[in-house]
Amino acid sequence: MRKKMILILLAAVMLAGCGKQAEKCGAPERDTPAVANAPKAAHGNTKTVLAFGQQEPDCFHGAEYDVICADCGEVLDVIYREALGHARDVGRVTCLPDCTGGGSIRYSCTRCRAEWSEAYGQVQPHTWVEGIGRETDWENGGSREIIYLYCSVCGKRQEQSQS
């Protein structure tokens, strides 16, 4: 009998507590100005928490947050935050552009440490330098002096004149 009384009292206390929350978070009156914003007015204090099974947004993944009533725990709204994307550092030049091709610069993400390269600069013109050399003249059986231009960067050669 005593256990039965304790259970009845416990049930009465629980019902009284639910009644207060239901009263506090109940629907607003029809003639109050809060009807336009019913969920907020009906529930009072709210808090925003990560949705179950979610993690904070990072470079690749967004996150869902639940706006819940602090009094009764009802989910009032769901907010989605997009993925943050990479936050790249200042980068470091790994190859300067020259006459053989454009350069490259290496970046890394300050959040997730991912690395990637991007093109840097444009292909530069050849840096021509004049040179004089000797070449075997197979037709006349001797050698001849030639003046030519060569690129001091890539070594490409252009013949200019013969003596």
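This is a predicted model: local features need pLDDT of at least 70, side-chain atom pairs count only at pLDDT 80 or more; totals for chains, interfaces and linings use all residues.
Local features were taken at pLDDT of at least 70 and side-chain atom pairs only at pLDDT 80 or more, while totals for chains, interfaces and linings use all residues. Residues are numbered from 1 along each chain as its sequence is written, and side-chain values use heavy atoms, leaving out hydrogens and water.

Let us start with the sheet. Three strands make up an open sheet, ordered β1-β2-β3, with antiparallel pairing. Strands here are DSSP runs of E with at least two residues, numbered from the N terminus, and two of them pair if DSSP finds at least two bridges between them. At the edges sit β1 (46–50) and β3 (75–81), each pairing on one side only. From one strand to the next, the twist averages 25 degrees, taken between lines fitted to C-alpha atoms, with angles running from 0 to 180 degrees between N-to-C directions. Strand β2 (residues 63–69) joins β3 over six antiparallel bridges, and I68 faces V75 in β3.

Next come the charged pairs. Side chains of opposite charge can pair when their charged atoms come close. The structure has two salt bridges, each a side-chain nitrogen of Lys or Arg within 4 Å of a carboxyl oxygen of Asp or Glu. One links R88 and E118, with the closest N and O atoms 3.4 Å apart. R88 lies in the loop between β3 and β4 (92–95) and E118 in strand β6 (residues 115–120), so this pair ties together parts 30 residues apart in sequence. R88 is partly exposed at 46% relative accessible area, as is E118 at 32%; the term covers the range between buried (under 20%) and exposed (over 50%), using a 1.4 Å probe and protein chains only. The other salt bridge joins E115 to R106 (3.3 Å, N to O). E115 is partly exposed at 44%, and R106 is partly exposed at 24%.

Where does S108 sit? S108 belongs to strand β5 (residues 103–108), and its relative accessibility of 15% makes it buried. Its side chain makes a polar contact of 2.8 Å with that of D89, that is, a pair of N or O atoms within 3.5 Å, one able to donate a hydrogen and the other to accept it, where residues adjacent in sequence count only if both atoms are side-chain atoms. Setting aside residues up to four places away in sequence, S108 touches residues including R88 and E115, with contact meaning heavy atoms within 4.5 Å.

Finally, S143 lies in strand β8 (residues 142–151) and is partly exposed at 45%. Beyond four places in sequence, S143 touches R134, E135, T136 and D137.

How values were computed. Helices (H or I, at least four residues) and strands (E, at least two) are DSSP runs, numbered from the N terminus.
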